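The following note sets out comments on the architecture of the two-chain model, arranged as numbered points.

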Amino acid sequence: MYLSKGQIEHESYDSIVDECIEKHGEFLIAILQDIQKRYNYIPEDAMRKLAKKLGITLRDVYGVASFYKAFSFTPKGKHVVTTCTGTACHVRGSSKIVDAFSNELGIKPGETTKDLMFTHETAACLGCCAIGPVVVVDGDYLPKVKTTAIRKIIDGTKRGAAILEEEDQRIFPIQVVCPQCNHSLMKPEHLVDNYPCIHVTISFKRKHGWLRLSSLYGSFNIESEHDIPVDTEVNFFCPHCHAELVGSSTCPECSAPMILMLVTNGGNIQICSRRGCKGHILDI
Amino acid sequence: MPEDKTPCLVFSAGTCGQASGANDIIRLAKRYILEKKLHDQIHLRITGCLGFCEIEPLILIEPDNYIYPGINAGDVADIIDATIKGEVIEELFYREDGSNMKYPTAKDIPFIRNQTQLLLENNQKLDPIRIFNYISTGGYAGFEKVISNPDPDGIINEIKEAELRGRGGAGFPTGLKWEIAKKAGGNSLQKYLVCNADEGDPGAYMDRNLLEGNPHSIIEGMIIAGIAIGADKGFIYVRAEYPLAIKHASIARRQAYDLGILGKNILESQIDFDLEIIRGAGAFVCGEETALIKSIEGEMAHPKQRPPYPVNQGIWGYPTCINNVETLANVPVIIGKGAREYKKVGIPGSRGTKIFSLVGKIKNTGLVEVPFGTTLREIVYKIGGGPQGDARLKAIQTGGPSGGCIPEKMFDLPIDYDSLNKAGSIMGSGGMIVMDEHTCMVDIARYFTKFLQEESCGKCSTCREGTQRITDIVTNITQGRGKSEDLKLLEELGQVMKDASMCGLGQTAANPLLATLKYFKEEYIEHIEKKTCRAVVCKEIISSPCQFSCPIDTEVSVYVALIAHKRYEEALEIIKKENPFASVLARVCHHPCESWCKAGEGGDPIAIRDLKRFVTDYGIKHKLCQTTEPVKKTNGIKIAIVGSGPSGLTCGFYLAKKGYEVTVFEKEKVIGGMLAMGIPEYRLPREILEYDLNYIRSAGIEIKTNTALGKDFTIDSLFEQGYKALFLATGSHKSLNLGIKDEHVEGVLPGMKALASLNLGEKIDLGKRVGIIGGGNTAVDAARRILRAEASESVAMVDAARRVLRTTTPESVTIFYRRTIDEIPAYEEEVEGAQEEGITIEFLTAPKRIIAENGKLKACEFLRMKLGEVDESGRRRPIPIRGSEFIVELDTLIVSISESPDISFLQDTGLEFSKWGTVVIDPGTCLTKREGVFAGGDLVTGPNTVVNAVASGKIAAESIEQYVSGKEIKREYKITRPSRYIEPVEFSEDQMAELLTAGRSRMPTLSPEKRKYNLIEVCQGLPEELATQEAKRCLRCELETEEGKLFLDKLQENKPLTEVQK
């Protein structure tokens, strides 16, 4: 998903800038935050487009973007390691953690490795002061980090710590039924992640078809009759009674409607209906 | 509501809980419940942070509130099973470090028990992403009360009566602010309410906790505030660094909209209130209210001149009331309970509670909610559990970068807005960062000024330039380049910034600097004048902590690196350069280098002393550096040294090397002082001592034994004989008395005398049962030496006639010590060794009475003790337990509580003595009050370590040379640096991985059976393979200074290209 500079130059920023303006109105900082999220940095051309569309000068946009630390004018790496240098972490030796990352990655704080794999950052305080020194790797918080662990952290991140491991006790299969007709939604003859899948029918943008979900709690693997573009909200239906599987709440991550299924051993599971969102709630 | 008896597992899953692994624990619990179909028998609740972050991940079990702290994945199933059966798992209960006392429930744990939680206690009852959870526990009741009968003045009066003050730091009365906001601009104008959650103070995170754990209470507080001031639009400005807080606040907002609690015409009341959540973009200055407004408007966050205040002219020019998260969290509590009830907590002027984040160098870290008026000491010791490990606390930093620090001696200060201001700090948002002796206060000042320099928005020059200048100056000081006039300049700069900056950031930017200057000026002076950082933090001053902490400046990291390269002879030269007692100290040094070793922070410190032993043993084996080259011709200047211990001989050695004619006078028949008389042979074989003594003798010094000061000569007579200067190093050999009756009867012996007699091979009659009082090295040495009383390898015992009169080994040897094994001052390995050899140590025991019969010891009566509060020495004071007396029959009682110098022969010689009976000197030069007379070693410090004695000998040698050559006697202080840099050993990936997990190499030791009754050295030395392996574990801290990095860069340049590429 991380675009190289060359690729970006060929892209038009129009639609994305429009989208962001539509979403946030005149909140310039929020617009910039969205652009940054999208491209992993703030491209100059996007700033030009933005200034034009908002009817302000480029200087205004650049001023704001350069004032706040959250914005970067160069692309960030695939992985971002952020070391907290708040006071509590400082007195527990976070400056040595920063040095250790600099040594291991060969870059200074604020820089990105040439291969765009790692960005090495510091943060003033991440608010986890009781368990410092704290390092955040791609959104995962690591408590009480020691200098001797830095190499391990980098290696683990490179390998992709999130890879499903067979032994991982945290990943487990669940069985679900339709909340309307109580008919099982499991399809033992089709395996996803080597487990019987959950089989439903779906519709989105005038397309209808089947969808098979991994029954492993914690896996987001699916198979689908149609390619579902990222960010599309999808309607789910029971293949037996054809009732819509819709919950009463919205996704905690993105506020799209939630899909509701009952878990056979008790409780229910809700998953986000938006493709690409990992929002889910397992209630017991 | 009928009480639900089903137990409920509560998971504390705020950001810090999740960081500690709470999410995994939750998943495992869900999995287990699903697999075992237990959902009818147990409930789950995932909450925000419960505050005791140190012990996360934790599970709390309602209704009894049992707490299982720090649990592992494997514990989850057991906890669920036990809970369903109505049982508990005692082994998993909370315990304090080093104690076996278990605390089953939340209200038993001191950290929680000693708090008053008005706000935080709700977190346990709430799943923050479920609004009905909040409502069913009484949430939105205050909102209901207000919305059904909107009475803005009533609300404002209630808040005023509650004396609520802003929790963001300044403490402005909230009721008054609301009143002004209500009146501002009349009723028709647009008004805004802002919840300031831009919690930028590093070290404070209570706002994050409240937003994460109880977001609806903030929304409720905001709606009530909105109604009170007439604002129909609110903003929560959250910093982007708090993703979970943003998520929970956003969910809460959406749910409130869905239920019609937010939006237009709320619950048919004709009242509108809309809420936006604004994500900050990383600028500390946004915590300042005018800057925050700019940021909401989408501009650069430059503060504005006040007045006009935001409450009159804020966002887009409209009246804007800005309140802190914690302030707003108090609002529903006040409206719900009523001001009168609320006011019962706290003290006049500061009502209610305040949440602090207690973090840093303290045992229990986490969020702490206490009433105003609680003292810092109560928070630190009763709730925080005191310091981590043995380190003494130094100060508490409050108020973040705008605050200051409160030194330990002021911990009895009750906390409220005004008292902290008076002490030179501020309440701030409530960060409390505890600092101990490993925290350098100059480095802390540098940290804050650098932080502020980076965060200064740059609008006004006093702040922009001022923060830059003070950062430069303080950084210089931390790098050993400070000048004495810097301190005055810093004070001046600080004052100007205070007076002339526009916004709060600039006005308070100098606070951390000024507060540390006020309370810790001596640390600044040490950095500037002595090039010392007592906390061993400032890298450019200390280079490597091992070399820095070595009293004799041994280049530890250099010789360790040489060992890693197997260049042993060079390593030996490096050691001997600074140390004439190399082989001795390789065995008996108390190795401060290892205590400060950075490898020890994440694992085991490098076994530095054992490495030195390996090299010195290698030198002995291969006959390297056995002697030193004496000077060809002396300069004819005579120097007298009194005492042939490590201090005296070191001084003599270095003076002789410089060409002086040195004579050492020794009272005893043997030389070496405590090394010969105090330290037993099984720790320091006499041939090893002889080896070093020969090396020292080879420098060309004359030693006269059996010649005592006060008997055979006097200070005056030495000067008359033409000695130009004198160095007194007569040691500290007099054992202190217990101060109880019958202490001088036959059978009671002073520890030093007993030890010296045994070491010198003199006969003493010990009898069958020996008791030793004390816990120092002398006590333990005496005990272990007594076990070996019959052994006869002593070189001092070559006199065959004495062998006949040999002392017999007693049947039992017991040490009585008044504190516990955690406080015992003797070296850990010695205490362990003694216990292995069958010596009993009775801890928490103190003597009460000596029972004598016919002028001879018969028994001793002891009292049991318990540990009380921490005393001056930083250890817990032993307190006698009444009625615990018991009698132990003894043939010999050795009193070894401490020693002091014998100064009887120094009276009326023009010297000055301290109240401990030691000679007063200038520690920088060893100069006494009498011209030409210098003193060092235990004589000036009381009982101390060998390496410190050697160090004072070295200092004295320098000073004596300056004195006799007519120069000013002044010690030159330099920053620590090695004399040469050694290239690092190259490792393969595999070797590196192995080293990362490798523990400390351990020396083989003789088994207790093999060593118990003889004088053979207990520790056998590291074999070569283990020694090089150990040396490779060194982290090479000396290469991290600018100079060290330069060396590495050069090394890189000079390498062939292929190797660099590798």
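1. In this predicted model, chain A contains an open sheet of four strands in the order S2-S1-S3-S4, and its pairing is mixed. Strands S2 (118-123) and S4 (140-142) of chain A form the edges, each pairing on one side only.

2. One of the residues involved is Val137(A), whose bridge partner in S4(A) is Asp140(A). The sheet also carries a helix: H7 (residues 94-105) of chain A lies across strand S1 (79-84), S2 and S3 of chain A. The direction of H7(A) is at about 155° to S1(A).

3. The domain assignment divides chain A into domain 1 (5-67), domain 2 (79-159) and domain 3 (172-283). Between the centres of domain 1 and domain 2 of chain A, taken over C-alpha atoms, the separation is 29 Å.

4. A helix pair in chain A deserves a separate comment. Helix H4 (residues 44-54) and helix H5 (residues 58-67) of chain A pack with their axes 8 Å apart, at an angle of about 125°. At that angle H4(A) is therefore oblique to H5(A). The crossing of H4(A) past H5(A) is right-handed. H4(A) contributes Met47(A), Arg48(A), Leu50(A) and Ala51(A) to the contact, while H5(A) contributes Leu58(A), Asp60(A), Val61(A), Tyr62(A) and Ala65(A). By class, the contact of H4(A) with H5(A) comprises seven nonpolar and two charged residues, with no polar ones.

5. Chain B is assigned six segments or pairs of segments as domains: domain 1 (8-109), domain 2 (124-344), domain 3 (350-541), domain 4 (548-626 + 983-1048), domain 5 (638-733 + 901-964) and domain 6 (737-898). The centres of domain 2 and domain 3 of chain B, taken over C-alpha atoms, are separated by 30 Å. Contact between these two domains involves 29 residues of domain 2 and 26 residues of domain 3 of chain B. On the domain 2 side, helices H9 (206-213), H12 (289-296) and H13 (325-337) of chain B are the elements that give two or more residues. The residues on that side of domain 2 of chain B are twelve nonpolar, nine polar and eight charged.

6. Chain B also has an open sheet, built from five strands in the order S20-S19-S18-S21-S33 with parallel pairing. Strands S20 (702-704) and S33 (933-935) of chain B are at the edges and have a single partner strand each, so one side of each has no neighbour in the sheet. Strands S18 (residues 638-642) and S19 (residues 661-665) of chain B pair in the parallel sense over five bridges. Lys638(B) is positioned opposite Glu661(B) in S19(B).

7. Two helices lie across strands of this sheet. Helix H31 (residues 646-657) of chain B lies across S18, S19 and strand S21 (723-728) of chain B, at about 165° to S19(B). Helix H40 (residues 946-964) of chain B lies across S18, S21 and S33 of chain B, at about 160° to S21(B).

8. A further helix pair is found in chain B. The axes of helix H35 (residues 751-759) and helix H36 (residues 777-787) of chain B come within 10 Å and cross at roughly 40°. H35(B) and H36(B) are therefore oblique to each other. H35(B) passes H36(B) in a left-handed crossing. Among the residues making the contact are Leu755(B) and Leu758(B) of H35(B), and Ala782(B) and Ile786(B) of H36(B). The residues of this contact of H35(B) with H36(B) comprise seven nonpolar, three polar and two charged.

9. How many residues does each chain give to the contact between chain A and chain B? Chain B gives 59 residues and chain A gives 51 residues. Elements that each supply at least two residues to the chain B side include helix H11 (243-258), strand S13 (353-360) and helix H17 (441-455) of chain B. The largest share of that side, seven residues, comes from H2(B). The side of chain B that touches chain A has 25 nonpolar, 18 polar and 16 charged residues.

Technical notes. Residues are numbered from 1 along each chain as its sequence is written. Chains are lettered from A and ligands numbered from 1 in the order in which they are written. This is a predicted model: local features need pLDDT of at least 70, side-chain atom pairs count only at pLDDT 80 or more; totals for chains, interfaces and linings use all residues. Domain bounds come from an automatic or database domain assignment. Two residues are in contact if their C-beta atoms, placed from the backbone, lie within 7 Å. Ala, Val, Leu, Ile, Met, Phe, Trp, Tyr, Cys and Pro count as nonpolar, Asp, Glu, Lys and Arg as charged, and the others, Gly among them, as polar. Axes are lines fitted to C-alpha atoms, for helices over the stretch in contact, and angles run from 0 to 180 degrees between N-to-C directions. Angles under 35 degrees count as roughly parallel, over 145 as roughly antiparallel, 65 to 115 as roughly perpendicular and the rest as oblique. A crossing is left-handed if the near helix is turned anticlockwise from the far one by less than a right angle, and right-handed if clockwise. Two strands pair if DSSP finds at least two bridges between them.
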